[in-house]
Every structure is written in C-alpha cells, then in structure tokens.
Amino acid sequence: MTLIVENLSKSFGATSVFSNVSFSIEKGEIVCIKGKSGEGKTTLLRCLTTLETPDGGSIKINDRYLYKEDNGGIQTASKDNLQEIRQEIGLVFQSFNLFPHMNVLENLMLAPNFLNKRSKEDIEKRAEELLKQLGMEGKGDSYPYQLSGGQKQRVAIARACMLYPSILCFDEPTSALDEDTRGQISEIIRSLAGQDIAIIIVTHDNAFVDEIAERVITMSGGTIYES
Ligand SMILES: Nc1ncnc2c1ncn2[C@@H]1O[C@H](COP(=O)(O)OP(=O)(O)OP(=O)(O)O)[C@@H](O)[C@H]1O
Ligand SMILES: [Mg+2]
C-alpha cells in the first residue's frame, strides 16, 4: 500500500478539525476527497505533506512512517528519513504558488537544486522532460505572469513531479479553470496515475469527480466516510 493513514487527528487550539481519519491508497489509484467548506480537506492535505503536524494517529508512505502514534502523541520520522519520505508525496496548491520572480525552469529546478542530490544537468533534463510530457515544451523561459491559468497549473504539476513522487495531492485543481482546460488536466492526472502515482484530489467540482474519481471519500463532521 502506497499510503496508509490511521486514526489521524488535527486540532487548532481547542478546535478539533478532524479525528480518527483512516484510509489507504494504492499506487495508481485516483481518489477524490469531497466535503463542505471548512471540513478540513486542505488541512488533511497539509498534514500529509508535512505543512501541518497532526496531533495523533499515523501516516505511512511506502512502508515508512512519516508520523507515528506514540503514547497518545505523535512522533515525526527522524530527520534523515523525513526528507526522503517527504519527497514521496507532492502537493499542487489551489493557487499554484509559483514563484513570480522565477521563470518556469527555475521554478521546477529550485527544490531539486536545493536538495543537491543530482547534477544540474540531470535536474534540467527532468524539467524539460516533464514540460514536454505536459505540453509545455519551449515555455521554460516564461514567467508565471506570461502564462494562462491552465499553463500555470501544468507548471505546478511539473514542479510537484520533479522529485519522482509516488503520491500527488491536488487541492481544488479545477477551481480556476474553464471546461476545456479541466478536460486537459484530467487527462494529465490520468496519465500520472498510469505511471503508478497515487492521486488524491480535493474538490468541490462534482462533474470533475464523476469524470475522474475511482474512489470518493467525504469529510463531514470531523471524520470521513467512503461511498
Ligand atoms: N492555521 C490555522 N489556524 C487555525 N485554524 C485553522 C488553520 N487552518 C485551518 N483552520 C481551520 O480548520 C478548519 C478546516 O479548514 P480547511 O482549510 O482544512 O477546510 P477545507 O475543507 O479545505 O475548506 P474549503 O473547502 O473552504 O477549502 C476551518 O475551520 C479553518 O478555519
Ligand atoms: Mg480547502
């Protein structure tokens, strides 16, 4: 199993966002997470990608614990493991979060260059390969302001794929897109799943869920159920 979430809970101060959230996802699966505004969907994705630390429960990615329940509290993976496990899961933000002062290639290469595990040439090759795969060939020198919403979305997807993740999370991937562009994004997501990446999509867009979801999980009242 690629991702196993068990009894995960998260509060902000005295307010519990969710508790006892458990689900698992296999490689290549496309799972949509629905739920009303404020139910904790973004918070769940932020916990999966270590932008927030859960209060309890566990998250296991490819048989390694990112967070582990420990005497009622939570223990984060050791510093050495954390970076590697963290790279297994990418997040495409709702607002794309591209760096506006960097061109497309620089946006893609920033994190891998920082990690300094592969040569600059390899990293650039990977970036060019992803841009080609996503129909963005020749756009490496463009700045985010020169791109359409759909193109920015693809750059954000390419950036999330730079480190060869086994899980990709999308927060409201279609909210800024028209119908045609939505169709292109679902094709891209399907092809990523076809490369064995497990896909988690948080969305309000029921038409998109119908189009793409293999499984649907709903967050409601601080927990989840699968329908
Ligand atoms: N950093 C934070 N500090 C305090 N409360 C927070 C923080 N982040 C989120 N919350 C609260 O947690 C709850 C869940 O928020 P979250 O953004 O996860 O909801 P959501 O399901 O993604 O909603 P939407 O569909 O509107 O995006 C909300 O009540 C929100 O106010
Ligand atoms: Mg949200």
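Student: Which residues are around ligand 1?

Tutor: This is a predicted model, by the way. The residues around ligand 1 are F12, V17, G35, S37, G38, E39, G40, K41, T42 and T43. To be listed, a residue needs its C-beta atom within 6 Å of the ligand.

Student: What makes up that shell by class, and which helix gives the most to it?

Tutor: There are two nonpolar, six polar and two charged residues around ligand 1. Gly counts as polar in that tally. Helix α1 (residues 41-48) gives the most, with three residues.

Student: How do you know that β1 and β2 pair, and in which sense?

Tutor: Pairing takes at least two bridges between the strands. Strand β1 (residues 3-12) and strand β2 (residues 15-25) have seven bridges, in the antiparallel sense, so they meet the definition of a pair. As one example, V5 has F23 of β2 as its bridge partner. The hairpin they form has two residues between the strands, and there G13 takes a positive phi near 60°.

Student: How do you know that the length of α4 agrees with what a helix should span?

Tutor: Helix α4 (residues 120-133) has 14 residues, and at 1.5 Å a residue they should span 20 Å. The end C-alpha atoms are 20 Å apart, so the two agree.

Student: Which residues of α4 are buried, and why are they said to be on the same side?

Tutor: I123, A127 and L131 are buried in α4. They cover an arc of only 75° around the axis, which puts them on the same side of α4. An α-helix has 3.6 residues a turn, so residues three or four places apart point the same way.

Student: What is on the other side of α4, and what do the buried residues pack against?

Tutor: E121, D122, K125 and K132 are exposed on the other side of α4; that label needs 12 or fewer other C-beta atoms within 10 Å. The buried residues of α4 pack against α3 (104-115) and α5 (149-161). Just after α4, G135 takes a positive phi of about 70°.

Student: Why is α5 called mostly covered?

Tutor: Ten of its 13 residues are buried, among them V155, A156 and I157, along with charged K152 and R154. A residue is called buried because 20 or more other C-beta atoms lie within 10 Å of its own. The buried residues of α5 pack against β7 (89-92), α3, α4, β8 (167-171) and α6 (179-194).

Notes. Residues numbered from 1 in each chain as written. Chains lettered and ligands numbered in written order. Predicted model: local features only at pLDDT ≥ 70, side-chain atom pairs only at ≥ 80, totals over all residues. Helix = DSSP H or I, 4+ residues; strand = E, 2+ residues; numbered from the N terminus. Expected span 1.5 Å × (residues − 1). Arc of directions from axis to C-beta. Contact = placed C-beta atoms within 7 Å.
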